[in-house]
Protein chains: 2
Amino acid sequence: MTYRAPVRDLAFSLRHAADFGRLADAFPEADADTVAAVLEAAGAFAADVLAPLNRQGDLVGARLENGVVRSAPGFADAYKQFAQGGWASLAAPVEHGGQGLPKTLEVAVLEMVQAANMAFGLCPMLSLGAIEALEHHGSDNQKATYLPKLVSGEWTGTMNLTEPQAGSDLAALTTVATPDGDGGWKITGQKIFITWGDHDAADNIVHLVLARTPDAPPGVKGISLFLAPKVLVDADGALGEHNALRVGGLEHKLGIHGSPTCVMLFEGAKAELVGGLGQGLPNMFTMMNAARLQVGTQGTAIAERAYQQALAFSQERVQGRSAWTGASPTRIFDHPDVRRTLVLMKAHIEAARGICLSTAVAADLSRAAPDEATRTAAKLREELLTPIAKAWSTDVGVWVASQGLQIHGGMGFIEETGAAQHYRDARIAPIYEGTNGIQAIDLVGRKLMLGEGQALGDLMDDIRDTVEALVAGDLKAVGLRLEAALDAATQATAWLIERRTKAMPDALSGATAYQKLLGDVVGGWMLAKGALAAAGEADAAWAESKRALARVFAESVLAQVPGAAAGVMIGAADFEAMTPETLGA
Amino acid sequence: MTYRAPVRDLAFSLRHAADFGRLADAFPEADADTVAAVLEAAGAFAADVLAPLNRQGDLVGARLENGVVRSAPGFADAYKQFAQGGWASLAAPVEHGGQGLPKTLEVAVLEMVQAANMAFGLCPMLSLGAIEALEHHGSDNQKATYLPKLVSGEWTGTMNLTEPQAGSDLAALTTVATPDGDGGWKITGQKIFITWGDHDAADNIVHLVLARTPDAPPGVKGISLFLAPKVLVDADGALGEHNALRVGGLEHKLGIHGSPTCVMLFEGAKAELVGGLGQGLPNMFTMMNAARLQVGTQGTAIAERAYQQALAFSQERVQGRSAWTGASPTRIFDHPDVRRTLVLMKAHIEAARGICLSTAVAADLSRAAPDEATRTAAKLREELLTPIAKAWSTDVGVWVASQGLQIHGGMGFIEETGAAQHYRDARIAPIYEGTNGIQAIDLVGRKLMLGEGQALGDLMDDIRDTVEALVAGDLKAVGLRLEAALDAATQATAWLIERRTKAMPDALSGATAYQKLLGDVVGGWMLAKGALAAAGEADAAWAESKRALARVFAESVLAQVPGAAAGVMIGAADFEAMTPETLGA
């Protein structure tokens, strides 16, 4: 099954759901023509170069041979084409060789890359995180040495956080960095789950590593961020000796087999401190936040891929009689249950895409808007939406991939069909870069009161504006559903704010349900904005389809939000009372 | 990870959710002591013999070697132990060597078998279907020849329905049976997705095959049911020559690798007609309905297995600080979000178990209750609940397996951990024995008006009785949630009944949403019945946990049912208007 880049849908989401037009002042070069050209070219690259490698990437995977990782078939060459095509540098600063375009455009481009080949897409995604961290926290020398190579894509980057005993709980990590007596550091320890930790697609790999320094305080305050290249770089930038680090093994994973997930062994590896001592965690979060949005985008991407495959299958597979026309045999697309499933999949994908692109627009505005008030408000919006973009979209990815497999019937369970790969690949996204449970804790524990509640208040106000526009026009039913959902969100929010000060377990017990609820509301808002804007589209059938997506989502998803508020406000008592014994078999 | 048979929970569900006591007159030998002894012994067999083979079954799988299927390591020996232990004959008629116990007990036993090793459990499950078909439709001679061997487990059975062009649409099948001029038949054709179609665990395999006869009318009326043994059986029951049928290949599947899924080639295979000419489809449905309940039970089973693994992991994995006690580091069980997930998983499992066991009790009453009125009402209940048992429970299986993987964090994505296998294995159950979409069509198209609506009316009345008991006591909040959900179900039902006569696509567009809604209501009812009965339990903490499960399900699931009714009553217009083009990329 091939992948068709959804350029038209992406452009529509950018314009209407994400209000890309708000970036016009900050990024005058990102005009409509440029955006269209970038999306077209990236879509062609994703569909023609990356998508065909996806199945072999799954079957063969990355392999460890004599201590060195060999990329999956075709991946190294495709990566070189990716770098040479300039796709690694879209949104990087011009002073480091980048093209200075909005991050939002980068997110849109990476959605297509991830959809075409999620295992491949992780490589540039991790590099972007390293670029972000060095841009913000690196010394001038570090920037000069590493950024141009990362931006050009000649080198790639990694994030070394997790250790066997320290997954979500980074305070527990034990990898140590000791001064080498020469102004530098030496890192010793073991890291696991290091994505693209080694490979043969680039000349060097820039490892960003969290480690503990001698005499540092316990917990997260004792953690600093270090840079340890795979191959040492001398003063004039030439590659020298191999650093004292190596791959200890590759994980056998459920999916994304084309992405080498490495155990990394640091054996006194030469390293440089990035940012201040003890600042490891906040500095790493610079990468993490951008990466969380990218992972959310992976959710949208794998959903789009699985959806396209299911839609194509529904045209080809002939079974039974059409409920509408009575024709028999008919393509299964003509069975209302299959059609409904496809429409719901599509609605969720466009909602997730809108959320991710809106988060990206907020990120762009927060750093590049001309006026400070806009930057400040945008920063709040970015931070508020990031856990939703990550968690809601990746849950959508799993759900859509599962529905896509289901539409294939028995063929979906056969690996050769390809639907099963999406179901397996999609499953990692709710886990990495902070599990979706961690996102929910972030949302309730921190984001709820961001800007003393202004972040959430602004969001609610914006949604309320759309409700008014809907109710005033011929999308009144959608408007009423969105309004009721918004009211429920408001009520649940108030309850959580009250409980989090009095009894945090109550708030935390509702965190995941709240994240889902808020995601549903924001997702419905995204579709509603598209539906309102569709009136301006020349293609009447296509415009009507955008309105239909909003209606179907409103009746199927938003209608359940008021009831879902009860699951948020459930309290912790029944959970606290449960023991392993009463819960056991 | 080991499996612990949930004997206590099963016994509780049998007693209270499923009203096993109603079988006392029809099955006086199935008293409490017998039930307890059977559950204990079966649980021990499942945990000690079957569960340890599950991982190797996944890793090595069944293999085709020189045209013969070799079972996964240990499976053939375990199957012989299964048969020798009498587990194949629990509910078979005494006159054919069975033990004549209730089917309900068989369902409870098979839940443990499927949980311990789902790929293994498919083998006896398919045999049960063959027994059922022969018992109802076989000639005396066929019964005498085949039933004792199937009941003893010496031979196994299969169901040969699907062909490449005929999955859900059996009218399209083309395998032919022609008279052999000697009173018998010869079958020629290709069947796919034949579970345990060949193996080395038993001396013979009894294939039940749907085929078309010469001059038969087109469509389903031209289909008859045939029996073609792997090895021919002579007049005195001795095994003779190999029949003209063979395995064409094994499918490469997402999961259940230990279950050989065969392409079967019938090359003029000798066969006997089972039941009347042209009666193939109704006769096959005899097997199908029992198998659908068994597949629903697989959903419960794989959910229980995945849940147990996640619960164990939540005790072992230490991360972060307890929200309740402040202890750090703490097991992740002490994080409210993890605890909530586990409790929701458990609630769904017990709801699904209750639905499946209730369906089984209805099936037993429908054939064995002393009075006809009970048998008639029970038959309606069995038929009404079967699609819900199949679809709702298997969706629960997938959801719980996914949540179980999630609780493992990054480790869940690593195959060695085992959580991923459950996620892969679980995914087949919503597909086979009629996809869950087909179940929904059955529910709305046929079951809704069963007995002129009496089936559904009786069910609603029974639930209403429980509502009254809840509201009158200290589970009033649960009662009110169940009542509101029931009212919504009533409303959605009335709408569907009205639409199915006027515009079937409207009804079919809401079918899956309705199936989910009704499953939620019946599931909540099951938990509520348990909660009411828990007062009689000696273990106060355990009794309270059953009440807590009902409360959590009510607030988290039942509370959303009124809103979900909108998704049922959505109508077909927005779906009908969608085209591949407007839905495309």
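In this predicted model, about 7800 Å² of area is buried between chain B and chain A. Carbon and sulfur atoms give 63% of that area. The contact draws on 91 residues of chain B and 91 residues of chain A. Between the two chains, 46 residue pairs are in polar contact, with both residues at pLDDT 80 or more. On the side of chain B that touches chain A, the most residues come from helix H17 of chain B (residues 540-556), which gives nine. By class, this side of chain B is made up of 42 nonpolar, 27 polar and 22 charged residues.

Two salt bridges are counted between chain B and chain A. In a salt bridge across the contact, the side chain of Asp574(B) meets that of Arg551(A), with an N to O distance of 2.8 Å. Both residues also belong to a network of salt bridges, in which they are linked with Asp474(A), Glu544(A) and Arg547(A). The network therefore holds residues of both chains, since a salt bridge is counted where a side-chain nitrogen of Lys or Arg lies within 4 Å of a carboxyl oxygen of Asp or Glu.

Over all chains, the count of salt bridges comes to 76. Within chain A, Arg481(A) and Glu555(A) form a salt bridge whose closest N and O atoms are 3.0 Å apart. This pair links distant parts of the chain, with Arg481(A) in helix H14 of chain A (residues 476-502) and Glu555(A) in helix H17 of chain A (residues 540-556), 74 residues apart. The two partners fall into separate accessibility classes: Arg481(A) has a relative accessible area of 28% and is partly exposed, whereas Glu555(A), at 18%, is buried. The value for Glu555(A) counts as buried because the cut-off for that class is under 20%.

A salt bridge between residues of these numbers is also present in chain B, where the side chains of Glu555(B) and Arg481(B) meet at 3.0 Å, N to O. Arg481(B) is partly exposed, with a relative accessible area of 29%.

Another salt bridge of chain B joins Arg353(B) to Glu111(B), with the closest N and O atoms 2.8 Å apart. Because Arg353(B) lies in helix H9 of chain B (residues 336-368) and Glu111(B) in helix H5 of chain B (residues 103-116), the pair ties together parts that are 242 residues apart in sequence. Arg353(B) and Glu111(B) are both buried.

Asn54(B) is located in helix H3 of chain B (residues 54-59). With a relative accessible area of 7%, Asn54(B) is buried. Neighbours within four places in sequence set aside, Asn54(B) is in contact with Ala116(B), Asn117(B) and Met118(B), as well as with Arg305(B), Gln421(B) and His422(B).

For chain A, an unreviewed UniProt entry places the feature "domain: Acyl-CoA dehydrogenase/oxidase C-terminal" at residues 278-442. In the model, this span of chain A is 73% helix and 0% strand. The C-alpha atoms at the ends of the span lie 22 Å apart.

Terms used: Residues numbered from 1 in each chain as written. Chains lettered and ligands numbered in written order. Predicted model: local features only at pLDDT ≥ 70, side-chain atom pairs only at ≥ 80, totals over all residues. Heavy atoms only, no water. Contact = heavy atoms within 4.5 Å. Buried area = accessible area lost by both parts, 1.4 Å probe. Polar contact = N/O pair within 3.5 Å; in protein donor to acceptor, adjacent residues only side chain to side chain. Helix = DSSP H or I, 4+ residues; strand = E, 2+ residues; numbered from the N terminus. Nonpolar A, V, L, I, M, F, W, Y, C, P; charged D, E, K, R; others polar. Buried < 20%, exposed > 50% of the residue type's maximum accessible area, 1.4 Å probe, protein only. UniProt positions renumbered as here; feature names shortened; annotations may be inferred.
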